Amino acid sequence: MRQRSIAGCYQNNVAWLYILRVGVVAEVNPETWRVRVKSGELLTDWLRWNTQRAGAFKVWIPPSIGEQVWLGCLGGNPETAVIIGSLYSDENPAPGSSLQEIVITAPDGARFRYDAAAGALEAVGMKTARVSAATRITLDTPEVICTNKLTTGTLEVQKGGEMRGSIAHSGGEFTSNGVQIDNHGHGAVQRGGSWTEGTQ
């Protein structure tokens, strides 16, 4: 692999020469947002790493040791180097293979993927997930499936539904159509097989 190439640009009719080098991240300092890069025999000073946004909107995706990056050295001087971006490598290959997908992976195995061809969004591999909104979260879809336990502070069903399996209730009253199911009386009760009339 070639470690460097020469390029140039013009600004205000002045020609600027800069050298592009390929290197590998050797050290990372998350507190100062800087890395040191090993390129051939060169080990750079601490350099700010590249980010997609650093204004009103900010993106934090820190680089990792072993990540391959491009260095742009103004005037050919490594002390002026700027990290231009990252490159896939044999050690860190691309996580996707389709031109119709976005894929983000994390060191713990978590994976975010959107497949535009199928219109499918997938987020897997997390231990926990939290979404917090001050006013409301809306799930606008014909069906929501929860494969295991669902815990909620309150519940309001507006258009009916069905329940199957054993249901245990405790800790409060249970009413249906104005009748308290767990504590009510029956009128006109007689011994034998007579029909019980009404509830209260």
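**Note on a predicted all-strand chain**

1. Strand 7 holds Ile83, the bridge partner of Leu71. Strand 6 and strand 7 (residues 82–87) run antiparallel and share five bridges. Two strands count as paired if DSSP finds at least two bridges between them. Strands are DSSP runs of E, at least two residues long, and helices are runs of H or I of at least four; both are numbered from the N terminus.

2. On the basis of the model: it is predicted, so to speak of local features takes pLDDT of at least 70, side-chain atom pairs count only at pLDDT 80 or more, and totals for chains, interfaces and linings use all residues. Residues are numbered from 1 along each chain as its sequence is written, and side-chain values use heavy atoms, with hydrogens and water left out.

3. Overall make-up. The protein chain has zero helices and 14 strands. Of its 200 residues, 14% count as buried. Buried means under 20% relative accessible area, exposed over 50%, and partly exposed in between (1.4 Å probe, protein chains only). The protein chain exposes about 17200 Å², and carbon and sulfur atoms supply 52% of that area. These areas come from the Shrake-Rupley method with a 1.4 Å probe; for residues, only the protein chains shown count as cover.

4. Contacts along the chain. Take the contacts with a separation of 6 or more: residues 24 or more positions apart account for 28% of them. A contact here means heavy atoms within 4.5 Å.

5. The core. The largest nonpolar core has 10 residues: Val25, Val35, Val37, Leu47, Trp49, Val69, Leu71, Cys73, Ala81 and Ile83. Strand 6 gives the most, with three. Such a core is a set of buried Ala, Val, Leu, Ile, Met, Phe, Trp, Tyr and Cys residues joined through side-chain atoms within 4.5 Å. In soluble globular proteins, nonpolar side chains tend to be buried together.

6. Strand 6 and Val37. Five of the seven residues of strand 6 are buried, so this strand is largely enclosed by the rest of the structure. Val37 touches Leu71 and Ile83, and its other partners include Val25, Leu43 and Val69, leaving aside residues up to four places away in sequence.

7. Aromatic pair. The count comes to one. The ring centres of Trp49 and Trp60 lie 5.5 Å apart with planes at 55°, so the pair is tilted. Rings of Phe, Tyr and Trp (its six-membered ring) pair if their centres lie within 6.5 Å; planes under 30 degrees apart are stacked, over 60 edge-to-face, and the rest tilted. Both residues sit in the loop between strand 5 (47–48) and strand 6, 11 residues apart. Trp49 is buried, at 12% relative accessible area.

8. Cysteines. Cys73 is buried, with a relative accessible area of 1%. Cys146 is partly exposed, at 45%. The whole structure has zero disulfides, a disulfide being a pair of cysteine sulfur atoms within 2.5 Å.

9. Two hairpins. Strand 8 (residues 101–105) and strand 9 (residues 111–115) are antiparallel, joined by five bridges. Ile102 stands opposite Tyr114. Five residues lie between these strands, and Gly109 takes a positive phi near 100°. Strand 9 also joins strand 10 (residues 120–124) through five bridges, again antiparallel. There Phe112 stands opposite Ala123. This hairpin has four residues between its strands, and Gly119 in the turn has a positive phi of about 65°.
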